[in-house]
Every structure is written in structure tokens, then in C-alpha cells.
Amino acid sequence: MPIRNTTQRWGWVSIGIHWLSLLMVLSLVVVGFVMQELPNSPTKIEVYALHKSFGLTLLALTVLRLLWRLFAGTPAPVPGTPRWQQAAAQASHGALYVILLAMPLSGWLYNSASGFPLKWFGLFSLPKLSGYDADVKAFALGMHEWLFIALAVVVSVHAAAALKHHYFDRDATLVRMLPGLPPPAGRERND
């Protein structure tokens, strides 16, 4: 498998960043729900700090992913893919990138407006995006929650589309992003 993307498939850097991002998103979601239920304690503070640090890491990973995409390009659509599906794929990828950038930034803004310091894994402090402000805090929290809902919807549609391509269209769309997955048994779609 190539390092860089080709016209036929994603390279291992793009594949690695894709699946690492998914793993981080799923972990952040689980921890995000669990940490809200924890009683006030030093453990809760540590869990929140880890959630914030991993969220910032996902933000950096998303920026890296976008830069790599600009550098390495993207594979061409699988032959026979209708234009509307190509447009839908571009729109969903765009939405995912916007959400993966906006969600950690909304969390960072919420943290800043709450008056809390923000340290990345305790190693260094990040600047505040706002001073203490109850209105900004409420706005940022609302954005963080709505972005989560949007992320859940777009990721679900994205995954369903990949499975549709593999099991119904029997094309190589999913195989290009999931190494080791056998190619579909045969193309039965009539275009």
C-alpha cells in the first residue's frame, strides 16, 4: 500500500488518520457521557482534563489530515458512481471536517468562558479564547452539544453509505479505506 494517496486508493497515512480519528471520536463521546455522571472529585477533574486534551489532539489531527489531503490528493470516484453520489460524498466529507474542527473549538471556547485553565496533557497551557462570560459559556456549550448531534448524524450516514457501496453496489469504495477487507464478490449494479 502506498504512503501517499493514488487515483485508485487511499494511502496508508490517510487511512491511518481516518481510523485514528474515528477511534478518538468514539472515545471522546463515551468519556463525554460518562464524565457528566461522575460525582465532583479529583477523578472527575482528571477525566475532564483528559477529555479536553484528547479533543485538542483530535483538532490537531484534523488540521494535519486536511493538510495531508491537500498534499496527497484524493482518489478519483469509483467508476460508475453517479454524480449525485459524488456530490453527496463531497458534502458529507466537508461537513465532517467542519464539525471535527468546530467541535473541539467550541469545547475550548466553553472552557475559556467558564474561567478554567486549559493544559494539553499537563504539558503546556493554551491561550484563552474568551474571558469569563456566562453568555459565551452557554453559547459554546449549546454549540458543543449540537455539533455532537450533527456529528452523530453525518458519521451514521457516512458509514451507511460505505456499507451500501460495499454490500449493495459491490464497488471498491469501502475496500479503498479498509485494508484487509476482501473486494466485493461482484458488481451487480446497472448504471
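This report walks through the fold, the aromatic contacts, the surface patch and the backbone of one predicted model.

## Overall fold

The chain has four helices and two strands. Along the sequence they run in the order α-α-α-β-β-α. The C-alpha atoms fill a box of roughly 60 × 30 × 25 Å along the principal axes. The chain counts 191 residues, and buried residues make up 32% of them.

Helix H3 covers residues 83-113. It holds 31 residues and reaches 44 Å from its first C-alpha to its last. That is close to the 45 Å expected at 1.5 Å a residue. Just after H3 comes Gly 115, with a positive phi of about 90°.

## Aromatic contacts

The model has five aromatic pairs. One of them joins Trp 68 and Phe 71, with ring centres 5.3 Å apart. Their planes meet at 50°. That angle falls between the 30 and 60 degree limits, so the pair counts as tilted.

Both residues belong to helix H2, three residues apart, which puts about one helical turn between them. In general, an α-helix has 3.6 residues a turn, so residues three or four places apart point the same way.

Trp 68 has a relative accessible area of 18%, and it is buried because the cut-off is under 20%. Phe 71 is partly exposed at 48%. Phe 71 also has a charged neighbour: the charged end of Arg 4 sits over its ring, 4.3 Å from the centre.

A separate heading could be given to the aromatic cluster. Phe 54, Trp 120, Phe 121 and Phe 124 form it.

## Nonpolar surface patch

Which residues form the nonpolar patch on the surface? They are Leu 50, Phe 54, Phe 121, Leu 123 and Phe 124. Together they have about 490 Å² of accessible area.

Leu 50 lies in helix H2, which spans residues 42-72. Its relative accessibility is 42%, so Leu 50 counts as partly exposed. Phe 121 comes from another element, the loop between strand E1 (119-120) and strand E2 (124-125). Phe 121 is partly exposed too, at 31%. Patch residues need over 30% relative accessible area, so Phe 121 passes that cut-off.

Phe 121 has a backbone feature as well. Its phi is near 50°, a positive value in a residue other than glycine.

How many salt bridges does the model have? The count comes to one. Lys 164 pairs with Asp 169, and the closest N and O atoms are 2.4 Å apart. The limit for a salt bridge is 4 Å, so this pair qualifies.

Lys 164 is partly exposed, at 30% relative accessibility. Asp 169 is buried, at 7%.

Arg 170 lies in the segment after helix H4 (134-169). Arg 170 has a positive phi of about 55° although it is not a glycine. With a relative accessible area of 25%, Arg 170 is partly exposed.

Terms used. Residues numbered from 1 in each chain as written. Predicted model: local features only at pLDDT ≥ 70, side-chain atom pairs only at ≥ 80, totals over all residues. Heavy atoms only, no water. Patch = residues over 30% accessible without salt bridge, like charges linked within 9 Å, V, L, I, M, F, W, Y side chains within 5 Å. Areas by Shrake-Rupley, 256 points an atom, 1.4 Å probe, with all protein chains shown as cover. Salt bridge = Lys/Arg side-chain N within 4 Å of Asp/Glu carboxyl O. Buried < 20%, exposed > 50% of the residue type's maximum accessible area, 1.4 Å probe, protein only. Expected span 1.5 Å × (residues − 1). Phe/Tyr/Trp six-rings, centres within 6.5 Å; stacked < 30°, edge-to-face > 60°. Lys NZ or Arg CZ within 6 Å of the ring centre and 35° of its normal.
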